[in-house]
Amino acid sequence: MPQLNFILATNNDFKISELTRELAFFGATGQGYQAVLGRRVAFPPEGTTSYAANATQKAQFISQLLPDALVIADDSGIELAHRPGELGVQTARELHAKFGTPAVNQALIKRAVDPDRGFTMQTVIALARGGELMALYHGQLAGQIARTPWPTGHGLDQILIPAGLTRPLAALPLPEFVKYDHRSQAVAALVKGMTQDEA
């Protein structure tokens with residue numbers, strides 16, 4: 001069976017790196033759309049109500065430009081237990097616009113309130129080809145917001161402690177990381193679904 005290769009519909013270099021790493025762990029490959037298309041494009045504005053709709057829009061948009069490719073896009077967001085509905089689908093726009101990327105972790109740490117520092121992180125990955133949605137895959141992580149960021153790692157991985165653990169995602173070796181990480185769960189479902197379809 002030929003190796004699955006996906007085109008990643010994002011302009012976020014870190015997301016490309018993470019998705020490529022996670023796809024490789026599950027036996028697939030991925031590359032950013034710019035490496036194939038040869039140019040950067042501006043995505044249509046995202047909505048504020050649905051992870052699935054945002055991911056689908058991005059995947060379909062790039063798959064119209066690369067109609068023969070398997071194109072994936074994701075949308076993710078976090079909800080704090082004591083502030084339900086406050087962030088969610090608007091997480092990136094709300095936090096990054098207000099605080100800037102380096103300060104997002106500290107902003108979330110301050111928003112988490114003892115004794116319940118709980119959070120839920122959601123991801124939806126959309127798969128499209130030729131401008132048409134093929135499938136949606138979901139991942140979820142629940143746990144606690146750390147009181148201080150882990151000294152290594154990147155982004156929210158430094159402060160998201162999965163339920164039942166004492167260390168955040170950034171501290172976990174890759175085989176353990178992918179068991180808990182919300183995006184990794186969606187990637188695993190994607191690869192499994194495609195492998196079963198081709199069997």
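Tyr33, Phe43 and Phe61 form one aromatic cluster. The model is predicted. Three aromatic pairs occur in the structure. One of them joins Tyr33 and Phe43 in an edge-to-face arrangement, with 5.9 Å centre to centre and 90° between the planes. Tyr33 belongs to helix 2 (residues 33–37), while Phe43 sits in the loop between helix 2 and helix 3, so this pair ties together parts that are 10 residues apart in sequence. Tyr33 is buried, at a relative accessible area of 0%.

Phe43 also pairs with Phe61. Their ring centres are 5.6 Å apart and their planes meet at 55°, so the pair counts as tilted. Phe61 lies in helix 3 and Phe43 in the loop between helix 2 and helix 3; the pair therefore ties together parts that are 18 residues apart in sequence. Phe61 is partly exposed, because its relative accessible area is 21% and buried requires under 20%.

Helix 3 covers residues 51–65. At 1.5 Å a residue, its 15 residues should span 21 Å. The end C-alpha atoms are 22 Å apart, which agrees. Ser50 caps the N-terminal end of this helix. A side-chain oxygen of Ser50 lies 3.3 Å from the backbone nitrogen of Ala52. Buried residues in helix 3 are Tyr51, Asn54, Ala55, Thr56, Lys58, Ala59, Ile62 and Ser63.

A further contact with an aromatic ring involves a charge. The charged end of Arg21 sits over the ring of Phe177, at 4.9 Å from the ring centre.

Conventions:
Residues numbered from 1 in each chain as written. Predicted model: local features only at pLDDT ≥ 70, side-chain atom pairs only at ≥ 80, totals over all residues. Heavy atoms only, no water. Helix = DSSP H or I, 4+ residues; strand = E, 2+ residues; numbered from the N terminus. Expected span 1.5 Å × (residues − 1). Buried < 20%, exposed > 50% of the residue type's maximum accessible area, 1.4 Å probe, protein only. Polar contact = N/O pair within 3.5 Å; in protein donor to acceptor, adjacent residues only side chain to side chain. Phe/Tyr/Trp six-rings, centres within 6.5 Å; stacked < 30°, edge-to-face > 60°. Lys NZ or Arg CZ within 6 Å of the ring centre and 35° of its normal.
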